[in-house]
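Hi,

Here is the structure I said I would pass on to you. Have a look at it first, and then read my notes below.

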Amino acid sequence: MKILIADDNNTDRLILKRILTNCGYEVIAAVDGLEAVEFFNDSMPDLVLLDAMMPNMDGYEAAIEIKKATGDRLVPIIFLTSLQEASALAHCLEVGGDDFLTKPYNKIILEAKIKAFERMKLLHDEVREQRNEIQLYNDHMIHEQEVAKRLFDNIAHSGNLNQPNIKHLLSPMSIFNGDLLLVARTPSDMTHIMLGDFTGHGLPAAIGALPVADIFYGMTSKGFSIVDIVTEINKRLSNILPVGVFCCATICEINYRDDSIISWSGGLPDGYIARADEGIIDNIKSNHLPLGVLAPNNFSVETEMRQFSPNDKLYLFSDGLLEAEAPDGSMFGEERLKSVINSYEDASVNVYDDLLKAVADYTQSDKQTDDYTLIEYTIDDLNHNIDTAEDFSDEERQESMEWCFDYDFRPSTLRQFDPLPLVLQILNECSGLKDYRGRVFTVLAELFTNALDHGVLGLDSNMKKSAEGFAKFYLAKKDALDLLEDGFIKIRMEHLPDNESKGGALHIRIQNSGDGFDYSQLKAADNSFSGRGLALVQSLCKSMEYSDNGKQVDVIFDWDYS
Amino acid sequence: MEDSINMPIVEELKQLMEEDFPLLIETYVNDCDARIDALALAISNQDATEVREIAHAFKGSSSNLGAEKLTSICFRLETMGREGELANANDEYINMKSEYLKVREYFKNLL
Amino acid sequence: MAINTTEDNGKLIIKIDGRFDFSIHQEFRNAYEGAKSTPKEYEVDMRTTSYLDSSALGMLLLLRDFAGGNNAKISIINTSPDVRKILTISNFEQLFTVS
């Protein structure tokens, strides 16, 4: 160890130097404060002994200068003093001295103190080294996480959120947070929205999110309803997540054909639907256990259905929003949140911006510690861009195929099974038609729903015209399905290629076992069908014909490679 | 010399300094020769601060070398200087000078 | 100790004091894993529990799994309104008897 000593008294200095060299230390000797500082900077000693009273620069000043130069190294300073008064001794410590020794020098005490500081210094150096190692390791880990995050983002946060009617905020906390925000469209242009909040943060939460996103996007693009999707997600999570880890979630399906929202919610705080000039008109309550808790056979999939009006706004958020803390520890809470959303009573208010501002003002935080995820989805008059944005692999133009199949669905199937996504899968086999999946699915969905609701179940669509009638309709449908014992829906699909255009014609026939109806009522004078759904079908198809007293409908959908 | 010098301390010093013992003695003698004159000047100038500082340094060195009687006299002069009471300083100085010469003689003979 | 355990006639009573969060994760596990005999039922007493977070919900699920899953008999008692609310939102009343 290298020790710097400074003492203006020659005999003192000689004796001190000798004591220290005999102990085996390397000694650098200065005669005053100035020299002490100079020698310190030149030789970087491990320990400094400073006489308090020296000419040119005394020990106190020298100590201050030396402390400035040490950085994060520990270099103890021991004052050498014959001053006895307490205030003088205290002053030594005030200026950064770590200890003091009184003169005349006692060899034993001096040695003991130096050894003690030596041990302390070793410990300090060890800690510093470990800290540097940990720092390095931490930097590596963060870098790896950042790479993984890009991967994760590609899967879990891909596209779809940057639409004009969506405003959202994803929690910036930690590189991976357990929050999921997913929006996708089915082939028939229904919108699925999911907000998920895994327990905990970090890597485990993020890894759980990957299969969820995969299932959500995959099944939505195939036209499955949220009922099937949420069942499948729960099944997967209950398989892969350890006990105690789960995902609180709300999923909504927005159906533009009949202006309805279906929702399933487990574990998240209430979502809200707000209407212009009215404020909050409805809550989306958590009626279920979070995803991943219940085994598949115990899982309950009761959904809620409501009607919406154009420009209604749907709000979903994670509990971090309610728990956002003010500096005094109190939480933002449900009441404040509701009062901001209720300001939509004035339709010109920008609720989303007001909400963000309200929380920011309340917490007075910088953005980095905000830990909440939120989405505002405005249910506007959607521009029906029916070609779903899905990546198809580039395939060579194959020879167009000729095929035909018949499906016959009986009551037990109709009760619990949505056959359309599977029917749609067939189309994937026919390259070329794949590009028209959206349109075909819309046609199929509309015709099938009519066949089921009005044909087999005999429900009156006029019921849906009012808000209460709407709810009654769907209850009535559920009851009717439960009681259904006889009946069927047959779907026939036949595809004939057109060798000239390289495309083809898809002939869809749907028959049902109901009582039929007078379809001439539907046709207006110019032979077109009223009723939004049927008008849409007619616009998509080359032809549409009812027969057999309204129990059978035939449409021809033709296409070519464009 | 036993009432002037603490022999065991001198012995210890000899063992500590080994071949540098003479250097130590010479340093002491040179420093104190200068100090004794400076002290006389300070007292004649009635400079209490100066008296205190010189006496303090003198005391320190002397105590290191075990010259205990000399150390006590220095302490008394240091106190006079600190309190600004130099009335008896001259008398004390005479004691000090005489004791110092004794000690000086003793150490020089050790070399 | 944030957790106090007593056994009463085949029933294991776990009392949680203060914040029920990840910091008492190990203590909570020790409380039911270290019981002298296998209890027939469990009671989690939250009279002095101030706060419950999602990791606490996870811990309750672990207890339920340990105690036999669907066959477990676990009641959560003396919940304050705040704590009760958290259990209600996550619908844990479907898995535990809450009062």
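**What I found**

Helix H7 of chain A, residues 226-240, lies across E8, strand E9 (247-255) and strand E10 (260-266) of that chain, and it runs at about 160° to E9(A). Keep in mind as you read that this is a predicted model.

**The sheet in chain A**

Those strands belong to an open sheet of five, with the order E7-E8-E9-E10-E13 in chain A and antiparallel pairing. Which strands stand at the edges? They are E7 (179-185) and E13 (304-307) of chain A; each has a single partner strand, so one side of each is left without a neighbour in the sheet. On average, neighbouring strands here are turned by 15° against each other, if you ignore direction.

Next, go to helix H9 (residues 333-342) and helix H10 (residues 351-363), both of chain A. Their axes come within 9 Å and cross at roughly 150°. An angle over 145 degrees counts as roughly antiparallel, so that is what H9(A) is to H10(A). The crossing of H9(A) and H10(A) is right-handed.

Which residues meet there? From H9(A) come A:Arg336, A:Val340 and A:Ile341, and from H10(A) come A:Val351, A:Asp354, A:Leu355 and A:Ala358. Sorted by type, the residues of this contact between H9(A) and H10(A) are five nonpolar and two charged, with no polar ones.

**Where chains A and C touch**

Chain A puts 15 residues into its contact with chain C, and chain C puts in 12 residues. On the chain A side, seven of the residues that touch chain C are nonpolar and eight are polar, while no charged residue takes part.

**And chain B**

Among contacts in chain B with a separation of 6 or more, 60% are between residues 24 or more positions apart.

Happy to go through any of this with you.

Notes:
Residues numbered from 1 in each chain as written. Chains lettered and ligands numbered in written order. Predicted model: local features only at pLDDT ≥ 70, side-chain atom pairs only at ≥ 80, totals over all residues. Pairing = 2+ DSSP bridges. Helix = DSSP H or I, 4+ residues; strand = E, 2+ residues; numbered from the N terminus. Axes fitted to C-alpha atoms, helices over the stretch in contact; angles between N-to-C directions. Contact = placed C-beta atoms within 7 Å. Nonpolar A, V, L, I, M, F, W, Y, C, P; charged D, E, K, R; others polar. Parallel < 35°, antiparallel > 145°, perpendicular 65-115°, else oblique. Left-handed = near helix turned anticlockwise from the far one by under 90°.
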